[in-house]
Amino acid sequence: MKYLVLTICTMTVLGFIKPQYDSGIDQSLHWAQTPYHALQQSVEVGRSFQTLVKFNKPFKSTPTVILAPIKYDFGDGLPQGFDIQLTSVNTVGFTITYVALTPATIFGFDVSWAAILDSNIYTYELQTNNLPTVKSNKEGATRIQRLEVTFPENWSLKTPPNIALFILGLKMVEAWPKITAENVGTTKTSTQIKITVGVRGTLEFIRVNMIIGEKDTLLVGTINHKTTGAKDPLNIINPESERVQKYDDKITDKDFLKTPRYSLYGINGLYYNYGAFCRFLTKNYLLVKDQISVEIGTWQNSQLMEGSIQWFVYVPKPDAGVSDPDCAQVWESCNYQGDSFTVCDRKMSFPKDGWNKPVKSFKVPDGKVLKVYNEENLKGLSIRIEKDLPCMEVPKFSFLQLVGSLGDDQFWEND
């Protein structure tokens, strides 16, 4: 067996793209619109409203898109339910679909969004129905449901990550719900999410968006509003005015005072009371130096007893790279560590001066196959790698072939 002298012909295309970022706020679903939108004017269950979001600049590859609601606005009719769905993500934009899960009126939402092309940022949507312990309790005791999420193997996180949570969907069947979603324990391979329902609320459905990142890439914090009683401006009914209260948070981790850095925030807990409207709004969010500021509020005859938002600050790593969707990447050590090279050309061989290191971990584009041979010119023992492989403990190999599709075993011809 040849002792791997990896000799793949010219490698003229770099397989890395610099991380890209874009963000904005979707405000297309509003009560003031005329004619009224479908979620307000109809009582049909499952009615929906869609909006298309276009990036300011096309991405070089499909990014990770994060949705984070920053305003809920719905009537107090029961049951009450909504779902905010992300669909049709591509390099130029995506679609947000707002769905009514019950006949109750929905006036509108504001949704903050971010699109990140960075292999150090991950997302996961957690959805659960008929939560077994989150049931009606007339005495108002708090009920808790813990849910465990196991990370996919190909994430290969080096340390327990930081996690931000945003509530994308709820179905409530009893008044005065007090609801929060929080992370209560994370390892490199899994995390525990705690769903809490208090007062007399009954929660049948919840969907939570999780944003996950290494601790030197993603910083997460929480800002809470808790009522102070009769003097709390958000607890005073005033049909003529919007009431807000300003909150500040401080960044103490110096890694996240660097530039470039990007930030996003969204609602991860709420508790309202009274009236024909249930409205929770946030506005004037600012990140200046080490200070984060945001206004939390409500208006008309709604009372916001408690509310919480989570924020995150994202900083790309200086050497962060995003694999080109047309390329495979190979590392000398397991878990994508050490020196690496990228296989992009259609007819591949290693650099002329040779590669004298092991080949142990691989990232392969969707719909393609990396064929690894232990002898040159497609000879000897071969292995087909059809997806990302964090560790392959085998003897050294000497030739790689990137195949166009799972059923294509032929080299592509040179252009």
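The second largest pocket

Tutor: Gladly! The lining of the second largest pocket comprises 12 polar, 5 nonpolar and 4 charged residues. Please keep in mind that this is a predicted model. The space in this pocket is about 340 Å³. Its lining has 21 residues, and those closest to the centre are T180, E182, N224, E306 and S308. Five strands each supply at least two lining residues: β11 (177-186), β12 (190-199), β14 (218-226), β16 (262-273) and β19 (303-314). Among the contributors, β11 gives the most, with 5 residues.

Now for the aromatic side chains, where the count comes to 17 pairs. One of them joins F55 and W113 in a tilted arrangement, 5.9 Å centre to centre with 50 degrees between the planes. F55 sits in the loop between β3 (48-54) and β4 (64-75), while W113 is in strand β7 (residues 106-117), so this pair links parts of the chain 58 residues apart. F55 counts as buried because its relative accessibility is 5%, and W113 is buried at 5% as well. The pair of Y72 and F109 is edge-to-face, because the ring centres are 6.2 Å apart and the planes stand at 90 degrees. With Y72 in strand β4 and F109 in strand β7, this pair ties together parts 37 residues apart in sequence.

Lastly, confidence: the average pLDDT is 79, and 78% of the residues score at least 70. Where pLDDT is low, the predicted coordinates should not be read in detail.

Key: Residues are numbered from 1 along each chain as its sequence is written. This is a predicted model: local features need pLDDT of at least 70, side-chain atom pairs count only at pLDDT 80 or more; totals for chains, interfaces and linings use all residues. Side-chain values use heavy atoms; hydrogens and water are left out. On a 1 Å grid over the protein atoms alone, a cavity is a set of points where a 1.4 Å probe fits but cannot get out, and a pocket is an open set with protein on both sides within 12 Å along at least five of seven lines; lining residues have an atom within 4 Å of a point. Grid points are joined across faces, edges and corners, and a volume is the space filled by probe spheres set on the points. Helices (H or I, at least four residues) and strands (E, at least two) are DSSP runs, numbered from the N terminus. Ala, Val, Leu, Ile, Met, Phe, Trp, Tyr, Cys and Pro count as nonpolar, Asp, Glu, Lys and Arg as charged, and the others, Gly among them, as polar. pLDDT is the predictor's confidence in each residue, from 0 to 100. Rings of Phe, Tyr and Trp (its six-membered ring) pair if their centres lie within 6.5 Å; planes under 30 degrees apart count as stacked, over 60 as edge-to-face and the rest as tilted. Buried means under 20% relative accessible area, exposed over 50%, partly exposed in between (1.4 Å probe, protein chains only).
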